[in-house]
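Trainee: Could we go through this structure together? I have not seen it before.
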Amino acid sequence: MAGLWRSYQVLMAKRPWTVQIITAGSLVGVGDVISQQLIERRGLANHSMRRTAKMMSIGFFFVGPVVGGWYKVLDKLVTGGTGGAALKKMLVDQVCFAPCFLGAFLGISGALNGLTVEQNVTKLKRDYMDALISNYYLWPPVQIANFYFIPLHHRLAVVQIVAVAWNSYLSWKANKM
């Protein structure tokens, strides 16, 4: 395990953006597998690889670039490594970014699932507030610790590790028809 972490560190130093995007896409995929197998109890025979591939594509092309880019912007907006700065970053993240990100995530997943605009709006009205409230239970303490203790180039990885559970929930929520 230590060797795997060292390899990850070397790759992060050489290609941080690429590694962050691959990590995000992979872990969104893991979240979908957990959702299908443990939450929905589909079993291997009924596992939808197509759905997992869709969720991974959201991770690769939306979650990784958007969250990674957001952390760079946020680090410039709120500077410093104090507890007060970490609290400010968490508040800006949770008040400004999280609501928009969740809406976009659910909308994109609905579009990839073939929902019409009207169906997607109905699904957003049904699921958005529940997802946002669930977000507020999990992410504020994680983000305070992340912004206070974790260097910028590792923040997306920390978030994605915690997000395996969150991605399982989001995958279930996004794919529940």
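Trainee: How much space lies in the largest pocket?

Mentor: Please keep in mind that this is a predicted model. The largest pocket holds about 320 Å³ of space.

Trainee: Which elements give two or more residues to its lining?

Mentor: They are helix H1 (2-14), helix H2 (16-39) and helix H6 (152-175).

Trainee: Where does the largest share of the lining come from?

Mentor: H1 supplies the largest share, with five residues. The residues lining the pocket include Met1, Leu4, Trp5, Tyr8, Ile22, Leu27, Ala157 and Ile161.

Trainee: Let me turn to charges. How many salt bridges are there?

Mentor: The count comes to eight salt bridges. In general, side chains of opposite charge can pair when their charged atoms come close.

Trainee: Which residue meets aspartate 75 in a salt bridge?

Mentor: The partner is lysine 89, with an N to O distance of 2.7 Å between the side chains. Aspartate 75 belongs to helix H3 (residues 49-77) and lysine 89 to helix H4 (residues 83-112), so this pair ties together parts that are 14 residues apart in sequence.

Trainee: And lysine 89, is that buried or exposed?

Mentor: Lysine 89 is buried, because its relative accessible area is 2%, and the cut-off for buried is under 20%. Aspartate 75, at 23% relative accessibility, counts as partly exposed.

Trainee: What about aspartate 127? Which lysine does it meet in a salt bridge?

Mentor: Its side chain meets that of lysine 123, at 2.5 Å from N to O. Aspartate 127 is buried at 2% relative accessible area, and lysine 123 counts as buried at 9%.

Trainee: Which arginine also meets aspartate 127?

Mentor: Arginine 126 does, and the N to O distance in that salt bridge is 2.8 Å. Arginine 126 is partly exposed, with a relative accessible area of 43%.

Trainee: Which residues are linked in a network of salt bridges?

Mentor: Asp32, Glu40, Arg42 and Arg51 are linked in such a network.

Trainee: I also noticed arginine 41. What is its phi?

Mentor: Arginine 41 has a positive phi of about 55°, although it is not a glycine. This residue sits in the loop between H2 and H3.

Trainee: Buried or exposed, that arginine 41?

Mentor: Arginine 41 is exposed, because its relative accessible area is 68% and the cut-off for exposed is over 50%.

Trainee: Changing topic: which residues form a nonpolar patch on the surface?

Mentor: Leu87, Leu91 and Ile144 form one, and together they have about 230 Å² of accessible area. Of these, isoleucine 144 lies in helix H5 (residues 117-149). Its relative accessibility is 31%, so isoleucine 144 counts as partly exposed.

Trainee: Then what about glutamine 143? Where is it found?

Mentor: Glutamine 143 is also a residue of helix H5. At 2% relative accessibility, glutamine 143 counts as buried, whereas isoleucine 144 is partly exposed.

Trainee: Which residues does glutamine 143 touch?

Mentor: Leaving out residues up to four places away in sequence, glutamine 143 touches Tyr71, Met90, Asp93, Gln94 and Val159.

Trainee: Let us go on to helix H6. Is serine 168 buried or exposed?

Mentor: Serine 168, which is found in helix H6, is buried, with a relative accessible area of 3%. Not counting residues up to four places away in sequence, serine 168 touches Gly31, Ile34, Ser35, Ile39 and Ala163.

Trainee: What separation do the C-alpha atoms of valine 158 and asparagine 146 have?

Mentor: Those C-alpha atoms are separated by 7.2 Å, and the two residues are twelve residues apart along the chain.

Terms used:
Residues are numbered from 1 along each chain as its sequence is written. This is a predicted model: local features need pLDDT of at least 70, side-chain atom pairs count only at pLDDT 80 or more; totals for chains, interfaces and linings use all residues. Side-chain values use heavy atoms; hydrogens and water are left out. Patches are made of residues with over 30% relative accessible area and no salt bridge: like charges are joined within 9 Å, nonpolar side chains (Val, Leu, Ile, Met, Phe, Trp, Tyr) within 5 Å. Accessible areas come from the Shrake-Rupley method with a 1.4 Å probe; for residues, only the protein chains shown count as cover. A salt bridge is a side-chain nitrogen of Lys or Arg within 4 Å of a carboxyl oxygen of Asp or Glu. Helices (H or I, at least four residues) and strands (E, at least two) are DSSP runs, numbered from the N terminus. Buried means under 20% relative accessible area, exposed over 50%, partly exposed in between (1.4 Å probe, protein chains only). Contact means heavy atoms within 4.5 Å. On a 1 Å grid over the protein atoms alone, a cavity is a set of points where a 1.4 Å probe fits but cannot get out, and a pocket is an open set with protein on both sides within 12 Å along at least five of seven lines; lining residues have an atom within 4 Å of a point. Grid points are joined across faces, edges and corners, and a volume is the space filled by probe spheres set on the points.
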